Amino acid sequence: MEPKGLVESFQARFGQKIRAVRIDEIRSNLGIYSYPVIWFEIDREVLHDAVAHLISFQFPHLATISGRDLGKEIELTYHFSIGYGQRRGEQSVNFRLRVPKADPRVRSICDLVPGALTAEREKIEFLGVQFEGIPDSRNIFLPYGMKEHPWRKDETGVKGAWLE
Amino acid sequence: MILAQIIEQLFKKPATNKFPAKYMPKSIISFLKSGKPIVPPVPTPPRFRGKLIYHRDKCVGCEQCGRVCPANVIQFVPQEKKVRFYLARCTFCGQCTDICPADAIEMSNEFLLADYNKYSKNLVLE
Amino acid sequence: MVQLFWGSVVILFGGVILGLIYQGVDRKLAARMQARIGPPIVQPFRDIKKLLVKENIVPENAIPWIYNGAPFLALAAVVTVLFYLPLGDQRPLFSGYGDLILVLYLLALPAVALAIGGFASGSPYAVIGAQREIVMMMSYELPLAAAIVALAWRLDRALPGITAFSLKEIAAHPIWAYLGPLGFIGAILLVGVLLLVMPAELSKIPFDIAEAETELAGGVTVEYSGRNLALLRIADAVKTVVMGALILALFFPYRLGGVLGLAGAAGGVVDTVFFLVKLFLIILIAVTIVRVAAARLKVSQVAYSFWVPLTGVALAGLVLIVLDGLFFM
Amino acid sequence: MARVTDERTYYTIPIGPTHPSLKEPLQFAFDLEGERVVDVEIKPGWNHRGVEVLGMKRNPLQTLYLAERICGICSVSHLIAFSRAVENALGIPVPPRAEYIRVIIAELERIHSHILWAGVAAHELGFDTLLHLTWRVREQVMDILELLTGNRVNYALVTIGGVRRDITKEQEPLVRQALRYYKDLLEMLVDAFLHDPTIELRTRDVGVLSYKDALELMAVGPTARASGVKKDIRVDQPYLAYPALELSPITPDLFRPEIHGDVYDKIIVRLLEIEQAIGLIEQALAKMPEGEIGHATKEEMTELLVQIKEREGEGIGRHEAPRGELFHYIRFQADSEIPILWKVKCPTYSNLMSYRPMFQGAQIADIPIIIACIDPCIACMDRVIVRRDGREEVWTAEQLLAKSWEKTRRLKG
């Protein structure tokens, strides 16, 4: 699948819900090959459908979900890749979405991609994002019952004294 | 077959390097004082990244080394425009030797730096 | 009576020291086979010495009297076996009509004691280890019994007058002299079975399932410390000597002193040295090499291999010896 | 210690955070029925160090050696992934020769890591002889790495935009000699591991991860490949000098006709990957062009710092580490040399989910080898700092030291 075709297929399916698209062409330094890295900025309500749409091409590999605190919002980036298994066929597909801190809900993709559980649990504890429909919402890396979210930069984050 | 290997090994020399002695001595201090020969450690190759050597006279006080040091080893002493190294923190990456414009920092082959006190004379370079 | 007292003291301490020395040798040789230097041969003595000065901790969940009693029981049982075994040129300290049967039971006792101690220590690891210990015991007892019974029966058949279940008599009459070709094959099979039972009896790799360091962190002995652990270690070391000496007494009771025409003290020394060499070889083959050259098996695999193939081999040896006894007299 | 569910009572044993079969802290709670594992609960997080937070407080040239120390075994993998993330984010070119040198070091590290794993696996099976054997032969590759880079474990060779040391003409024959040594040795290793009856007894059909589970649970690296999932970034999305080299993903059907997805298959994959790595290094040595090696001089380093400060962007660096996909994501703002976001994803993070299907139905005796079979690297996985205990208090190192002194005094009476 060509990256352009992939992007067009997504745009046709989701229209305005896809806010921005960027395709980075990463060139090999040997100059014989390049691969695409696609960045989608999407609305949070279409995430589940977008992943389902991605699955219709090939079952994607989810590397991880990265996130950061933007002040009023939390930004999440889902790092997928599809096309593995064929020589030089893999392309990275990233979905970026923002959730307001006042209402940090995102639909869990664990029903589509069971392997996303670790990454989602990590986001729950570190950023205080709520995933709807996640099978296990306990902390994973942090102690059970810990209320603070270390990657938040506001009062729910860790206190300065805890960091050395 | 592994059996042949182990029988063969029974009659060969063990692979262990007996540094610093074959068995733990009864008293380490008396062992060191007795002057008995210490089994040498495995030799290091050329360009080994060991303990830093600081040529104070060459240093121009540009502070470049501090900018790239990953472990905050290097403290700038503004009065003298020289630097001080706290080697207890050093990770031996060698970036300071690479970036130093005056070649004032070098790396030696020495790597046995264990000490009781992290501010001991051996571990603070000036 | 006085002689008996001093004899038992000598055998008690001699057995312990011998066991620990052989353990040191075993560790050294195993290390050399793995290209390591290994600990000094006196290391087991140092370990015991250190354990004896350490605190003896009884866990909160344990039943103290059983927990503390089990190591004593284990050590007492193996040392008692020593009294019945012919060591070197010496005749056994005790002997009687059916001491072979007694030895068989006493050999089972340390394992039972260990299992009881494991259950009593209240740790989940120890409980699992104790369950495994029991399964192991059930697995290796049958082949062991088959081998011993076959031997005694055949000896009784060959020499009707003697008390065949006495180790003294078995040691005095090496079995190989009375066997026909079928019985010879059978006896070789039984030697093989005993050599495999020996590491199982001693809980050494590949049969150290009850203690399995990487799985159960020490299994039955996980909670033991200080004096109790020292006793268990000593019992283990003595048991190595006991098993080796038992196999020697059953199948290789030969003495060198008589062959060389030496008598008296000289003959005694030669015989003792020869016995020690034989013991060393048995331990080398059945313990050291086996434990260096194999991976730990699973308890289900051990139970299967002892119950089906090994029992089969032991019974085949038994049948061959019986046939030999019936037809080649 | 017993847990009662609807109808049955299961016996629960904890494994970890400290346990002889774990080299690093990780906690498992196994529900058992006799010797059989019914279910498992996994709790990582005992080794949090806050590496990502630290990385967002310093410039990338400093973070390089922090990234390297995320893990001791795959240290150059972290360096490669991190510097590729920075290079992709800021558009910094790398000279071809440096790309080849990176491949050589990465593949040497793969040999080193897989041999180390083989030893650990043997130890978990109770086969200490193989542990000593494999760790002894590992010395050779560590010596070569020390010769090429200046240190045995933390190579500090890769930098942003290149490598810091060249492989000289004198060093090449020594590398080749080490490769020959491993080629001869490989036969022995295959014999000792794959033809050994006890190892086959202990690993065949143990810890089975089906193709479907491996795919859906995001298994990576040898864990995925042993189940037949052909994921290998070196082939799928080649980077460094891999596009110019011949390689294909290793799956166990190259050795035995059918794929089981069990521990035995994972041994096959790792041993065959040692062979593949030897071949790759030979290819790289043969094809390596002459030329620059990148930002190694003082002027270049200073200029690099300026570039990092001026440019902005975001980038992903992926690397097929010995354990699987390593993923670094970094994002820079203009006028700052400090990244605003750094996310590290290590192979064990992805493989963690695979534990559950592998454990279900296993025996207690299988637990250590299954734990070992994904080659877990807990240090890699746990990276976040929060130092506190259950009572919501923070103990500093000084306070803890004072407490331990106090206890010693109390014990002394």
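Which residues are buried in helix 1 of chain A?

## Helix 1 of chain A

Pro3(A), Leu6(A), Val7(A), Phe10(A) and Phe14(A) are the buried ones, where buried means under 20% relative accessible area and exposed over 50%, with partly exposed in between (1.4 Å probe, protein chains only).

Helices (H or I, at least four residues) and strands (E, at least two) are DSSP runs, numbered from the N terminus.

## About the model

This is a predicted model, so local features need pLDDT of at least 70 and side-chain atom pairs pLDDT 80 or more, while totals for chains, interfaces and linings use all residues. Residues are numbered from 1 along each chain as its sequence is written, chains are lettered from A and ligands numbered from 1 in the order in which they are written, and side-chain values use heavy atoms, leaving out hydrogens and water.

## Rings and charges

Phe10(A) and Phe14(A) turn up again in one aromatic cluster, along with Phe40(A), Phe57(A), Tyr78(A), Phe80(A) and Phe95(A). Rings of Phe, Tyr and Trp (its six-membered ring) pair if their centres lie within 6.5 Å; planes under 30 degrees apart count as stacked, over 60 as edge-to-face and the rest as tilted.

Over in chain D, Arg270(D) lies over the face of Trp117(D), 4.3 Å from the ring centre. In chain A, the charged end of Arg88(A) sits over the ring of Tyr33(A), 5.1 Å from its centre. That takes NZ of Lys or CZ of Arg within 6 Å of the ring centre and within 35 degrees of the ring normal.
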